[in-house]
Amino acid sequence: MSWREETGREHGAAIYPGLRGRVAVVTGGASGIGEAIVEALVRQQARVVFLDVQAQAGEALVERLKASADAGPVFLRCDLTDAAELKLVLQRIDADFGRVDVLVNNAGNDTRHAIEEVTPESWDRTMAVNLKHHFFMVQGLLPAMRRAGAASVINLSSIAWMIPSTGLPVYVAAKAAIVGLTRTLAHELGGENIRVNCVLPGAIATERQLRLWLTPTYQAEVLARQALKRLITPEEVARMVLFLASDESSAVTNQSFVVDGGWV
Ligand SMILES: NC(=O)c1ccc[n+]([C@@H]2O[C@H](COP(=O)([O-])OP(=O)(O)OC[C@H]3O[C@@H](n4cnc5c(N)ncnc54)[C@H](O)[C@@H]3O)[C@@H](O)[C@H]2O)c1
């Protein structure tokens with residue numbers, strides 16, 4: 001049951017007037033939490049560019065949202081693990097938009113892997129899809145963020161490294177590293193008004209999670225662990241991202257925000 005159904009309340013979506021016209025780049029924006037973030041930013045009338053490896057889903061999202069804003073989102077197909085391709089895409093964003101106000105590093109892949117199955121190659125692949133691009137997105141868009149005069153970077157980590165999660169050790173290591181990366185970049189870039197924070201979702205009911213992992217048994221376990229006795233939605237993660245993207249969080253940097261319904 002959703003928050004709305006459970007409480008009978010209408011959710012009055014916040015409007016951050018300062019986000020209107022701002023350039024926001026979102027990785028992994030074609031589905032899941034990233035899709036909710038793209039939609040939330042588009043509804044703020046931000047100029048949204050999103051990157052994803054899934055061309056069909058990305059184009060479908062552009063089609064769905066094009067009527068929701070003065071400027072619909074721009075989709076650029078990109079495999080974030082391909083350094084050469086990523087470099088070209090970032091150069092194109094710089095040339096086409098000239099500035100970046102918001103960067104949401106969201107793409108990831110939580111495919112399960114047993115300790116015995118991990119090879120040096122699979123370690124590198126898992127780190128490439130879950131950690132490496134968080135750094136190179138910032139590096140590549142730094143000139144455009146500097147030109148904006150101020151910017152907000154939001155990195156998607158996870159509660160996976162805080163709770164006793166098992167079955168995906170390399171992913172968990174990457175998600176913990178994102179917090180360290182966030183904190184050092186906050187200090188590297190704070191003097192230039194570039195804020196860097198991270199958001200740590202719990203078990204979020206995305207289409208992929210529902211299809212692959214959120215079985216009735218796991219759902220019961222999730223609800224037993226959470227203080228809130230319902231599944232948390234991608235839109236609820238997106239709302240935290242919006243706040244961090246906006247000037248309402250102008251003094252907030254170097255921080256981690258958990259959106260997990262109170263997992264213990
Ligand atoms: N859903 C959850 O329960 C949950 C919990 C904790 C953390 N997170 C984190 O939130 C973020 C989003 O998770 P999600 O559940 O929406 O994931 P998802 O798998 O539903 O979506 C991830 C998106 O990233 C894209 N992507 C994956 N590899 C890519 C690549 N190489 N290049 C470009 N795009 C690529 C996918 O195509 C997809 O659109 C991730 O960083 C994830 O680790 C999710």
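I started at Gln139, which is found in helix H5 (residues 120-148); helices (H or I, at least four residues) and strands (E, at least two) are DSSP runs, numbered from the N terminus. Before going on, I noted that this is a predicted model, where local features need pLDDT of at least 70, side-chain atom pairs count only at pLDDT 80 or more, and totals for chains, interfaces and linings use all residues. Residues are numbered from 1 along each chain as its sequence is written, and side-chain values use heavy atoms, with hydrogens and water left out.

I found an open sheet of seven strands, in the order S3-S2-S1-S4-S5-S6-S7, with parallel pairing; two strands pair if DSSP finds at least two bridges between them. S3 and strand S7 (256-259) stand at the edges with a single partner strand each, so one side of each has no neighbour in the sheet. From one strand to the next, the twist averages 20°.

I then took single pairs. S2 (residues 47-52) and S3 (residues 74-77) pair in the parallel sense over four bridges, and Val49 stands opposite Val74 in S3. With helix H3 (residues 55-65), S2 and S3 make a right-handed β-α-β unit; right-handed means that, with the strands pointing away from the viewer, the path from the first strand over the helix to the second runs clockwise. S5 (residues 151-156) and S6 (residues 194-201) are also parallel, over six bridges, and there Ala151 stands opposite Ile194 in S6.

Last, the rings. I searched the whole structure and got two aromatic pairs. In one of them, the ring centres of Phe135 and Phe136 are 5.0 Å apart and the planes at 90°, so this pair is edge-to-face. (Rings of Phe, Tyr and Trp, its six-membered ring, pair if their centres lie within 6.5 Å; planes under 30 degrees apart count as stacked, over 60 as edge-to-face and the rest as tilted.) Phe135 is partly exposed at 33%, and Phe136 is partly exposed at 35%. I also saw Arg112 over the face of Trp213, at 3.9 Å from the ring centre; the cut-offs are NZ of Lys or CZ of Arg within 6 Å of the ring centre and within 35 degrees of the ring normal.

How values were computed
Buried < 20%, exposed > 50% of the residue type's maximum accessible area, 1.4 Å probe, protein only. Axes fitted to C-alpha atoms, helices over the stretch in contact; angles between N-to-C directions.
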